[in-house]
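Good morning, everyone. Please bring up the sequence and the model on your screens.

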Amino acid sequence: MDYWRHNFHPSSKSYVHVDVKWNRPPLGWVKFNFDGYVHNNSATIGFIIGNSDGHALLARAKKIGEVTITVAECLALRDGLAYMVHNGWGKVLVEGDSKIVIDCMD
């Protein structure tokens, strides 16, 4: 949030303040949050993996070019899952805001 406050300056003075709370995973688990973003036909994906102490273990973001929001969300999920498999993290809670992508995981 500090990065956001210092680096993002809305073009308009009217905006809505939203408090976001991140809930830690249970002891011995990691939590994987992923997201995709599309603006002006350019997509970016990102994810963060945190532990039960509230520490970030890994965070990544990258531009992926011209894709739909659903494809961006899927790629964010895929990339994060690949890092988790590579690091041997087995007890994982997955969280994202794309109902389509989450429903496909069931």
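Salt bridges. This is a predicted model, and a search of the whole structure finds four of them. The general idea is simple. Side chains of opposite charge can pair when their charged atoms come close.

Look at Lys62 and Asp79. They form a salt bridge, with the closest N and O atoms 3.2 Å apart. Where do Lys62 and Asp79 lie? Lys62 is in strand β3, and Asp79 is in helix α2. So this pair ties together parts that are 17 residues apart in sequence.

Are the two partners buried or exposed? Take Asp79. Its relative accessible area is 11%, so Asp79 is buried. Buried means under 20%. Lys62 has 43% relative accessibility, so Lys62 counts as partly exposed.

Asp79 also has a salt bridge to Arg78, at 2.9 Å from N to O. Arg78 is partly exposed, because its relative accessibility is 49%.

Now go to helix α3. Here Lys99 and Asp103 form a salt bridge, and their closest N and O atoms are 2.9 Å apart. How far apart are Asp103 and Lys99 in the helix? They are four residues apart, so about one helical turn separates them. Remember the general rule: an α-helix has 3.6 residues a turn, so residues three or four places apart point the same way. Lys99 is exposed, with a relative accessible area of 60%. Asp103 is partly exposed, at 39%.

Next, helix α2 itself. It covers residues 69–87, which makes 19 residues. At 1.5 Å a residue, α2 should span 27 Å. Its end C-alpha atoms are 27 Å apart, so the two values agree.

Which residues of α2 are buried? They are Ala72, Glu73, Ala76, Leu77, Asp79, Gly80 and Met84. These residues cover an arc of only 165 degrees around the axis, so they sit on the same side of α2. What covers them? The cover includes strands β1, β2, β3 and β4, and also helix α3. Turn to the face of α2 that points away from the buried side. There you find the exposed residues Val85 and His86. Just after α2 comes Gly88, with a positive phi of about 75 degrees.

Now the backbone in a loop. Asn40 is found between β1 and β2. Asn40 is not a glycine, yet its phi is positive, at about 50 degrees. Asn41 is in the loop between β1 and β2 as well. The phi of Asn41 is near 65 degrees, again a positive value in a residue other than glycine. Asn40 has a relative accessible area of 65%, so Asn40 is exposed. Asn41 is at 55% relative accessibility, so Asn41 counts as exposed too.

One last stop: the surface. Which residues make a nonpolar surface patch of about 350 Å²? They are Val16, Val18 and Val20. Find Val16 in the loop between α1 and β1. Val16 counts as exposed, because its relative accessibility is 69%.

Conventions:
Residues numbered from 1 in each chain as written. Predicted model: local features only at pLDDT ≥ 70, side-chain atom pairs only at ≥ 80, totals over all residues. Heavy atoms only, no water. Patch = residues over 30% accessible without salt bridge, like charges linked within 9 Å, V, L, I, M, F, W, Y side chains within 5 Å. Areas by Shrake-Rupley, 256 points an atom, 1.4 Å probe, with all protein chains shown as cover. Salt bridge = Lys/Arg side-chain N within 4 Å of Asp/Glu carboxyl O. Helix = DSSP H or I, 4+ residues; strand = E, 2+ residues; numbered from the N terminus. Buried < 20%, exposed > 50% of the residue type's maximum accessible area, 1.4 Å probe, protein only. Expected span 1.5 Å × (residues − 1). Arc of directions from axis to C-beta. Contact = heavy atoms within 4.5 Å.
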